[in-house]
Amino acid sequence: MAKRANFAFALLLVAFSLVIACAASASSGGVQSVPDWGNPQGCYYGPNWKCWVYNHTSDQGRTSCAVVDINYDPGHVGPFGYRRGAAADVADIAVSEGYQWAGGCYDNDGRDAKPNVYPRETKSTLGEGPDCSGLVWRVWRESNSYRPHDNSFFFWQRSMYDHGPYDTLGFKYAQSGSGAPHVKYDKWGIIFMDALASDTHIALEDYRTDSGADVVWEALGEAYGTNEWIESYRSQSRFSGVRRLAWG
Amino acid sequence: MDKNPARRPGRRSCLWGAMGILVTIALAIPLGLTASAGAGKHRIATDDQFLKATYTPVKLRVAGDPQEIRFDISCLPPDGDADGPGVCDGGGTVYFRASGNVSASVPLRVDSDAQVGRYVATVPSNIWNAPWFTYYAVIRDNTTGRTILLPQGGSTAPQISIAISPTPINLGEHAFASTRQPSARVVSASWGSDDGQVGLEDGIDMPAGGASFDVDSAGNVYLLDEANARMLEFTGTGAPAQIALPGLTGVRADLRISDTAGTAYVLETASASFPKPLLRAYTLQGSALGTSTVADAAAAQVRVAGSTAYVSQYPSSVWAPMLQNNGRTAVAAAAQFASGVPGVPSGIGNLVVASLGTEIRVGTYGSSATTNQFAARITSATPVADIGLAQALPSGRILVVFSVYTETQHEYEALVVDSSGSLVDQFSLPAAEWAQSMPLSRFRLVGSSLYELGSSETGVFVDRYDLGV
């Protein structure tokens with residue numbers, strides 16, 4: 001009797017699992033909406049879910065695409081619970097790890113596993129590294145929700161393939177009270193861990209040189225990767241300042 | 001990284017999906033479902049261990065400046081989780097030496113309210129009040145005990161601070177849209193890869209091309225065409241000569257010509273191929289002479305003094321020799337650090353600049369670092385940024401060119417200053433910045449002519465301004 005009960009329970013569990021798995025598969029393979037920053041060509045989005053690709057087995061035991069709720073919380077601290085200096089660690093680890101349009105994830109081996117992969121800055125090839133706005137979103141520890149009205153800091157792992165909800169325009173033109181955890185800021189006053197953004201690019205401020213140029217972290221392109229460069233963005237008319245809110 | 005590209009599950013994967021869920025449940029239960037509760041603890045690799053420090057050097061100081069040097073330190077937090085909320089537990093000591101053989105060591109203290117420059121050393125008054133002092137810091141990760149030097153030359157090649165007291169030149173509010181007309185447009189080239197054209201770089205979020213240029217003593221203009229791995233030589237008559245530069249990776253770069261030695265120096269920025277900037281030397285016909293990798297993290301400018309090419313390196317904020325013997329002999333990393341100097345070597349001494357938001361300072365010091373030979377202080381009601389050029393004119397006066405900007409406007413301001421630091425001439429230049437160039441490579445001074453590199457949607461150009469001063 002006990003064996004029969006066990007067998008029945010196992011069948012029930014398998015059937016239950018199949019139902020769940022099929023539902024998940026159907027949702028991920030069904031209607032795909034394109035995020036407002038473009039078609040990532042391999043990372044699928046819906047109104048309340050997205051597909052993340054986990055590349056490290058050390059991260060939550062997942063090694064392939066997994067459909068998760070867009071409100072998934074990787075762990076967070078509230079506003080003013082995170083310092084600019086801690087964010088710098090995230091940026092420094094991304095240095096020399098490559099560029100990926102609509103990226104992305106990276107390790108910390110100091111090299112781009114797939115440099116100069118075509119079609120470069122127009123389509124995701126699921127390579128290593130972030131793109132410019134993905135780097136800023138990740139370093140700034142922002143929410144995965146667009147304009148969440150929440151300035152908390154979220155601890156996205158470096159190996160999560162996730163770009164975040166903002167393109168460069170979403171950073172550059174964010175107004176106070178928009179609900180985004182960042183806001184347009186006078187570029188004259190930009191300091192460490194603020195950003196300088198144009199319509200097509202965004203870079204994170206590290207420090208100013210004696211000549212007045214800025215040393216910035218930026219994901220610059222497939223030919224460049226992600227690194228720190230000396231730039232004159234601050235004075236260029238196409239660039240504005242952006243500040244992440246609620247630093248500790 | 002990309003051994004597990006995105007897989008799009010389909011219905012045929014239901015069975016595997018079910019098995020995956022069962023396995024996941026089996027794994028998750030003993031782990032206490034830590035993943036769903038928040039971030040799983042990331043496994044820290046040895047590669048994560050790093051120690052980095054930046055600072056704002058006080059190279060030229062005036063009365064009223066804060067009597068301190070500020071640093072920022074980055075390293076793994078004590079819990080070892082670079083992705084978590086912890087911050088680096090840093091510290092260190094700053095070592096000072098002033099004229100009169102006065103010395104002091106000051107431990108860094110944490111200014112916990114500061115958003116930038118959290119680690120502070122207050123300069124002792126007997127050091128601060130001296131005509132000059134040198135200093136370097138030993139930066140420490142208190143968790144691991146690791147240390148680094150800043151500047152990286154340490155006591156062998158310390159940073160300098162010189163007291164200056166020139167009468168400020170107050171520019172007031174900048175009047176935009178009243179720029180001087182150039183004396184001549186000496187170079188014009190359309191975008192492309194055909195003969196006489198300049199390429200736009202591939203693989204970048206912004207248009208970039210024709211990143212730098214230089215002018216030799218005869219007035220011939222050399223325009224870097226990094227996207228096509230060449231430079232174009234414009235002699236003023238006929239089509240430009242096209243000089244292939246083998247080995248260029250096509251990223252933005254600074255260009256310097258030494259026509260007396262017959263050497264062209266190309267300082268390439270970091271790229272996907274080379275994670276640190278690289279200085280290459282060629283003959284003026286394009287034969288490769290030598291290469292040298294920047295020892296520090298970032299670099300943007302190359303200058304030539306005698307037979308040595310110097311590069312501005314950061315965060316050390318020094319000019320380090322990188323190629324000697326007219327481009328043929330590379331300087332090893334340790335020797336670059338040990339030979340770095342705070343001011344760029346020039347015919348009027350080592351030249352130091354400081355751009356401070358609404359103020360520009362320029363000064364020189366002698367090779368013994370004991371005497372302040374020239375100093376100028378320029379204040380502006382309009383924000384200022386990049387000092388694109390600071391160089392002596394044949395008259396002995398100094399030409400300084402720097403950015404002035406607002407949220408929506410950008411121009412350059414050119415000032416001629418005499419040896420007493422007084423203003424002789426002043427005019428504005430257009431930004432002309434459609435394509436990205438090297439950030440501090442838009443201006444060159446040859447004789448009494450100032451050259452400006454510009455670009456538009458149709459191509460790149462060089463304008464000449466005859467100063468007559």
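Leaving aside neighbours within four places in sequence, B:Val400 is in contact with B:Ile360, B:Val362, B:Ile387, B:Ala390, B:Leu415 and B:Val417, where contact requires C-beta atoms, placed from the backbone, to lie within 7 Å. This is a predicted model, in which local features need pLDDT of at least 70 and side-chain atom pairs count only at pLDDT 80 or more, whereas totals for chains, interfaces and linings use all residues. Residues are numbered from 1 along each chain as its sequence is written, and chains are lettered from A and ligands numbered from 1 in the order in which they are written.

B:Val400 is also one of the residues with the most contacts inside the largest nonpolar core, together with A:Val136, B:Leu223 and B:Val311. That core has 182 residues, a nonpolar core being a set of buried Ala, Val, Leu, Ile, Met, Phe, Trp, Tyr and Cys residues joined through C-beta atoms within 7 Å; a residue is buried if 20 or more other C-beta atoms lie within 10 Å of its own. Because domain 1 (46-163) and domain 2 (169-466) of chain B both give residues to this core, it lies between them, the bounds coming from an automatic or database domain assignment.

In chain A, helix α2 (residues 84-94), a DSSP run of H or I with at least four residues, is mostly covered, with eleven of its eleven residues buried. Its cover includes α3 (132-139), β8 (202-208), β9 (214-221) and β10 (225-231) of chain A, along with β1 (51-55) and β3 (68-75) of chain B, strands being E runs of at least two residues.

Chain A averages a pLDDT of 76, on the predictor's confidence scale from 0 to 100.

Conventions
Buried ≥ 20, exposed ≤ 12 C-beta atoms within 10 Å, placed from the backbone. Contact = placed C-beta atoms within 7 Å.
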